[in-house]
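Here's a quick briefing to read with the model open beside you. Have a look at the fold, then work through the topics below.

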Amino acid sequence: MKARVWAVLGGLIFALPSISGCGGGSGTGAKAVTVKGSDTMVILGQRWAETYMTEHPGTRVQVTGGGSGTGIAALINGGTDICEASRPMKDKEKEQVRSRHGKDVKEIPVALDGVAVYVNESSPIQALSEPQIKGIYTGKITNWRDVGGADQRIVAYSRENNSGTYVFFKEHVLGNEDFAREIQTLPGTAAVANAVAKDPASIGYGGIAYATGIRAIAVRRDETSEAVHPSLQTVRSGQYPLSRSLFFYTIGEPDGEVKTFIDWVLGAEGQKICEAVGYYPLIRK
Amino acid sequence: MRSGGVLSSNPEMTVIPVPKANFTGALGDRLASVLIRGSAFLAILSLILIFVFIGKEALPILTSPEIQKEASLSTLFLPHPAKPGARTEYTWQPVSEVPKYSILPLFVGTLKVTIIAVLFAIPLAVAAALYTSEFAHPWVREVVKPAIELLAGIPSVVIGFFCLMVLAAWLHNAFGWTYRLNAITAGLGLSLAVIPIVYTVAEDAFSSVPQAFREGSLAMGASSWQTAWRVVLPAAMPGVLAACVLGFGRAIGETMIVLMASGNAAVLSLSPTDSIRTFSATIAAELGEVVVGSAHYHVLFFLGASLFILTFVLNLFGHWWVGRLQKKLQGAS
């Protein structure tokens, strides 16, 4: 009994410096960097962390997902060093950081991503225009016949509204209109990709990195423009209509281990991993 | 730690029977009983505190004029036009230029999936319990009983994943429904979580029917089937009913399975092949992102409070009904 109490107390005493080290960002003992946020970026973040940790054995980088909103909330509450977000932070959220921590939030673009629109591999649809995609997700188009497919009801999948991809899609494709009520929402891009892979009459959207086993269609900006497939060239050049930046956020200028990690991510090696995972490295000027 | 100290003083009392030790033993006993009573009250207290917390966060819907501009009881329960001039409808669309918080689609969805799950799980679980307690060979029972009870140990997220990947595909191929993820798929998944609970409690109820009942019935010339159906089942009815109420409560609050397998579209319809969105899945999906103190935040807590009250009333009703049945049975015997 007593031994157990001492063990617990001992554990606490050892744990304390590392906890305070995390919060202050200037710990001397354990070097740990926590990264939390976007589900779209979690694979990318984990690959970065793995490679970084093999090269810097003294540092532990911990990556968790949950959604951009969850990551931003954690950053505001001081629960993470770096927040991964697949959408820019809102002014209201930046204001919360400022009032909570007395420092401005630092926005660091780390990679580029295109939001792909998926259909089942057996679907005859090759390309859709942005207005058509908007029509499908706002409930004005409900049959594949109306966009050049078979006479079949469209089953559209979306992400839950805590996802950065959801917000990006709502703002860029729907012009901030509401999703139709019939749109099914699933937790995570992997679940959406999986559902689309199983149902020939379905459509979904998500990061391009997830697009295996299903087909990402080409997107036209409007009815008359050329259909563009999501790819490295088209996302980088801005030709592909549904592209976006992926961000790291920190409170104030990053320092210490956090800075070393971010510099490494932005360096040649980190950016090479972007490409390996299926995202696009930043444009070097 | 403190309870550990008290417990360790008890054996001392039994080993050394001197008056002084007896005295500390009596003190220890009293302390222990206080602690045990205290922990029982602690459970109730924490339940009350949880409810107070949820209720406090839900209350601004009823009291704060600021919040009521965006979400009041009328927005929650009455239909509203999506745009000025459009026809009125029940819509759950909290992330929007004009947030819409109609909880009716969520309520219907929750009830729909729960009823499907219960309709499927209860007959199956009660029949299985009757079989294992009345008909099965002892060795069959030794295998089947723990196997079903083990089902309760499967994390619900695993069941949800199974529904999303496998069950939905089977049902979709077999019946060709428009929506692959719908109330039936989620309901069947839910029933996997409900069956072990109903089974375990019902099995206990059957086993605790006095052996004399069965012997009497068999001695009167009834077959073992007649005995099980007309004697054991009615005698165990209060327990079976309690099992059903527990199962219903589990089904209505279960989150992960419905979040993954139901499609989560807040459509107001009675068709079981439409997608549904439940209270619990809505809370789970949206509370992570919501701005603390916003109308959306308070509405989510209102959903939580409703769920809490719903299960509470249901359990209360179940309790009352079980009690009535018990009294009736005792009166008859």
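A crossing is called left-handed if the near helix is turned anticlockwise from the far one by less than a right angle, and right-handed if clockwise. By that rule, H2(A) and H10(A) make a right-handed crossing. Bear in mind that this is a predicted model, where local features need pLDDT of at least 70, side-chain atom pairs count only at pLDDT 80 or more, and totals for chains, interfaces and linings use all residues. Residues are numbered from 1 along each chain as its sequence is written, while chains are lettered from A and ligands numbered from 1 in the order in which they are written.

**Chain A overall**

- Chain A has ten helices and eleven strands; helices (H or I, at least four residues) and strands (E, at least two) are DSSP runs, numbered from the N terminus.
- Of its 285 residues, 46% count as buried. Buried takes 20 or more other C-beta atoms within 10 Å of a residue's own, exposed takes 12 or fewer, and partly exposed is in between, with C-beta atoms placed from the backbone.
- If you take the contacts in chain A between residues at least 6 apart in sequence, 70% of them join residues at least 24 apart. Two residues are in contact if their C-beta atoms, placed from the backbone, lie within 7 Å.

**Helices H2 and H10 of chain A**

- The axes of H2(A), residues 42-55, and H10(A), residues 268-277, come within 10 Å and cross at roughly 135°. Axes here are lines fitted to C-alpha atoms, for helices over the stretch in contact, and angles run from 0 to 180 degrees between N-to-C directions.
- That angle makes H2(A) oblique to H10(A); under 35 degrees counts as roughly parallel, over 145 as roughly antiparallel, 65 to 115 as roughly perpendicular and the rest as oblique.
- On the H2(A) side you'll find Ile43(A), Leu44(A), Arg47(A), Trp48(A) and Thr51(A), which meet Gly270(A), Ile273(A), Cys274(A) and Val277(A) of H10(A).
- By class, this contact has six nonpolar, two polar and one charged residue. Ala, Val, Leu, Ile, Met, Phe, Trp, Tyr, Cys and Pro count as nonpolar, Asp, Glu, Lys and Arg as charged, and the others, Gly among them, as polar.

**Buried faces in chain A**

- H4(A), residues 91-101, has Glu93(A), Gln96(A) and Val97(A) as its buried residues. Seen down the axis, they fall within an arc of 100°, so they line one face of H4(A); the arc is that of the directions from the helix axis to the C-beta atoms.
- Turn to the other side of H4(A) and Asp91(A), Lys92(A), Glu95(A) and Ser99(A) are exposed.
- The cover over the buried residues of H4(A) includes helix H3 (68-76), strand S4 (105-119) and strand S11 (243-251) of chain A.
- In H9(A), residues 256-266, Glu257(A), Val258(A), Phe261(A), Ile262(A) and Val265(A) are buried. Their arc around the axis is only 130°, which puts them on the same side of H9(A).

**Helix pairs in chain B**

- H9(B), residues 183-207, packs with H12(B), residues 237-253, at about 160° with the axes 8 Å apart, and the two are therefore roughly antiparallel.
- H9(B) passes H12(B) in a right-handed crossing.
- By class, the contact of H9(B) with H12(B) has 14 nonpolar, two polar and two charged residues.
- For H10(B) and H11(B), residues 224-235, the axes come within 10 Å and cross at roughly 150°; these helices are therefore roughly antiparallel as well.
- Phe213(B), Arg214(B), Ser217(B) and Leu218(B) in H10(B) meet Thr227(B), Val231(B), Val232(B) and Ala235(B) in H11(B).
- Gly216(B) lies in H10(B), residues 211-219, and is partly exposed, with 13 other C-beta atoms within 10 Å.

**Where the chains meet**

- 27 residues of chain B are in contact with 25 residues of chain A.
- H8(B) gives the largest share of the chain B side, four residues.
- The chain B side divides into 13 nonpolar, ten polar and four charged residues.
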